[in-house]
Amino acid sequence: MMRAGLLALLLALALVAAAPAGAEGILDSLGCIARAVYWEARDQPFDGQLGVAFVVLNRMRASGKTACAVVGARGSFLAIAQHGHARGCDARAWGLAQEAALIAWQEPDADPTGAATYFHRLDVRPAWAERLTFTRRIGTHLFFRARTAAEAAPSSATLPPAPAGSEK
């Protein structure tokens, strides 16, 4: 799978060459996203890997932070915390992680998660998941996003009936 890694590198270099002067380090950002994908989702189908890449990007958009700041945030990506920011060891999986990072970076409409900013594996039950809206399951990952105001408000079915004569 060296081809996928090489393709990812060539596309990343094309992005850097096309970036305006002073643009933040695209290669650093792609590297941080790829590390998150590798350590969190290398055993997932490619859509799941792409999903993790989009969680990083969606958090970037929501917080205004860089990819490396998002990935390095305390308590955010447990596998990163366990393995540090070391590059992947399995060449095939590392190439796929780079490819997922690049696709997510270049194709914002390819998000398979429904704008998720959180995910967890099926074998864990974090308390924060109850406060979020489930968007999709991909492989053994469940993806979530923040609730909208409409989702957080009680539905009309739970509201008491309006007093008689209040209709206009």
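A search of the whole structure finds one disulfide, meaning a pair of cysteine sulfur atoms within 2.5 Å. This is a predicted model, where local features need pLDDT of at least 70, side-chain atom pairs count only at pLDDT 80 or more, and totals for chains, interfaces and linings use all residues. Residues are numbered from 1 along each chain as its sequence is written, and side-chain values use heavy atoms, leaving out hydrogens and water.

**The disulfide**

- Cys32 is joined to Cys68, with 2.0 Å from S to S.
- The link of Cys32 and Cys68 is right-handed, with 95° about the S-S bond.
- Cys32 lies in helix H2 and Cys68 in helix H4 (residues 67–72), so the pair ties together parts 36 residues apart in sequence.
- Helices here are DSSP runs (H or I, at least four residues), numbered from the N terminus.
- Cys32 is buried at 4% relative accessibility, while Cys68 is partly exposed at 29%.
- Buried means under 20% relative accessible area, exposed over 50%, and partly exposed in between (1.4 Å probe, protein chains only).

**Helices H2 and H3**

- The axes of H2 (residues 26–41) and H3 (residues 46–63) come within 9 Å and cross at roughly 135°.
- Axes are lines fitted to C-alpha atoms, for helices over the stretch in contact, and angles run from 0 to 180 degrees between N-to-C directions.
- H2 and H3 are therefore oblique to each other.
- Angles under 35 degrees count as roughly parallel, over 145 as roughly antiparallel, 65 to 115 as roughly perpendicular and the rest as oblique.
- Ile33 and Val37 are among the H2 residues that meet H3, where Val52 and Leu57 are among the partners; contact means heavy atoms within 4.5 Å.

Definitions and conventions
Helices (H or I, at least four residues) and strands (E, at least two) are DSSP runs, numbered from the N terminus.
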